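This briefing walks through a few local features of the structure shown below, grouped by topic for reading alongside the model.

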Amino acid sequence: MAGTWHWKEGKSDSRKLLYDPGNWGDLFKAAWLTRILPAMNPDQVCDLFAGAATYELSSRTRSRMQIIADDLLSQAMESFVKDAVWPSAATLCRSLLVPSAKVTVCDLDEERQESYRHQTGIAVYEPDDAWVVLSDVTKQHNTDGIRSAVCACLSAETGLLILDPFDVLAVWREVMPVIISAAKKTTVLLYVYNRSAKNEERLRDYRAFCSSMEKELGGISCMRGRIAADGFLPKAHHELWLMGDGVAKQTELAATLEAVTMKLEDALRRASCFSVR
Ligand SMILES: C[S@@+](CC[C@H](N)C(=O)[O-])C[C@H]1O[C@@H](n2cnc3c(N)ncnc32)[C@H](O)[C@@H]1O
């Protein structure tokens, strides 16, 4: 999967490349993190689909940031924007957390993984397949390197496991058991790229994913947010699922995540819902 995942360079407008760093999904995830981190104060954060440490800040992302310039997110991004970069979720976590909190990253792609070696305070291991790592950890197999770091995150008093695969809906039947097993042990933030608006088949599959997740989560709490992928006739949506026992008592966090989700959805839809010429 890593081989098919690419991002747009700042000045490129190639239609072939899939990922635009600093897209609305990234803003959404970063906005949630600016609320989740102070509320939960995790002492361990692991991102197993960590991407690259930073990306070139595109003019598109600058304009998105201007639309929500009044948000807490802008403060968190200030130093990155000054340096003309967009931080990955892990890099953002590092900048917002106290130094004693451990941040660990992993990615299947060697070059992206390597880019973290220049960041201070981020533990980097060898490139590895996140789903295999999680499955090994669940079965308590092979607990060295990244596996022992993931074990530590899952058993930490307040851990946060970030799962940000490009397309979890393509593999959800295979990977759901390890996602649920992780959510039974710690707080998991899962990103879902939801393309169910495209056709009936995808919609049916997405509904099956949601009901299986609900069933398997059982008594575990979950907060879910969804925004359109863009304001122009969106055929996709960005979703975040925050799951875990620690989420249950976070009523203030729920209110703030709801508010920022609505703010982003509103901002991006309003930008294209009416025009006069
Ligand atoms: C959407 S990007 C992650 C972005 C990143 N979390 C950030 O905040 O910038 C998905 C990443 O997952 C990696 N990837 C894809 N499949 C993987 C797998 N099975 N195990 C680990 N990494 C994988 C890709 O190389 C890519 O860097």
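This is a predicted model: local features need pLDDT of at least 70, side-chain atom pairs count only at pLDDT 80 or more; totals for chains, interfaces and linings use all residues.

**Loops, helix packing and sheet**

Asn41 sits in the loop between α1 and β1 (44-47).

*Loop residues*

- Asn41 is a residue other than glycine, yet its phi is positive, near 45°.
- Asn41 counts as partly exposed, because it has 13 C-beta neighbours inside 10 Å.
- Because Leu233 has 8 C-beta neighbours inside 10 Å, Leu233 counts as exposed.
- The loop between β8 and β9 also holds Lys235, which counts as partly exposed because 14 C-beta neighbours lie inside 10 Å.
- When residues up to four places away in sequence are not counted, Lys235 touches Arg195, Ala197 and Lys198.
- Between Lys235 and Met40 there are 195 residues of separation in sequence and 33 Å in space, taken from C-alpha to C-alpha.

*Packing of α1 with α4*

- The axes of helix α1 (residues 24-40) and helix α4 (residues 89-96) come within 10 Å of each other and cross at roughly 30°; angles under 35 degrees count as roughly parallel, so α1 is roughly parallel to α4.
- The crossing in which α1 passes α4 is right-handed.
- On the α1 side, the contact is made by Lys29, Ala30, Leu33, Thr34 and Leu37, while α4 contributes Ala89, Leu92, Cys93 and Leu96.
- Sorted by class, the residues in the contact of α1 with α4 are seven nonpolar, one polar and one charged.

*The sheet and the helix across it*

- Seven strands form an open sheet with mixed pairing, in the order β5-β4-β1-β6-β7-β9-β8.
- At the edges of this sheet are β5 (122-124) and β8 (222-228), each of which pairs on one side only.
- Neighbouring strands of the sheet are turned against each other by 15° on average, with direction ignored.
- Strand β6 (residues 159-163) and strand β7 (residues 187-194) run parallel and are joined by four bridges, and Leu160 stands opposite Thr187 in β7.
- Helix α1 lies across β6, β7, β8 and β9 (237-243), and α1 runs at about 20° to β9.

Methods: Residues are numbered from 1 along each chain as its sequence is written. Axes are lines fitted to C-alpha atoms, for helices over the stretch in contact, and angles run from 0 to 180 degrees between N-to-C directions. Helices (H or I, at least four residues) and strands (E, at least two) are DSSP runs, numbered from the N terminus. Angles under 35 degrees count as roughly parallel, over 145 as roughly antiparallel, 65 to 115 as roughly perpendicular and the rest as oblique. A crossing is left-handed if the near helix is turned anticlockwise from the far one by less than a right angle, and right-handed if clockwise. Two residues are in contact if their C-beta atoms, placed from the backbone, lie within 7 Å. Ala, Val, Leu, Ile, Met, Phe, Trp, Tyr, Cys and Pro count as nonpolar, Asp, Glu, Lys and Arg as charged, and the others, Gly among them, as polar. Two strands pair if DSSP finds at least two bridges between them. A residue is buried if 20 or more other C-beta atoms lie within 10 Å of its own, exposed if 12 or fewer, and partly exposed in between; C-beta atoms are placed from the backbone.
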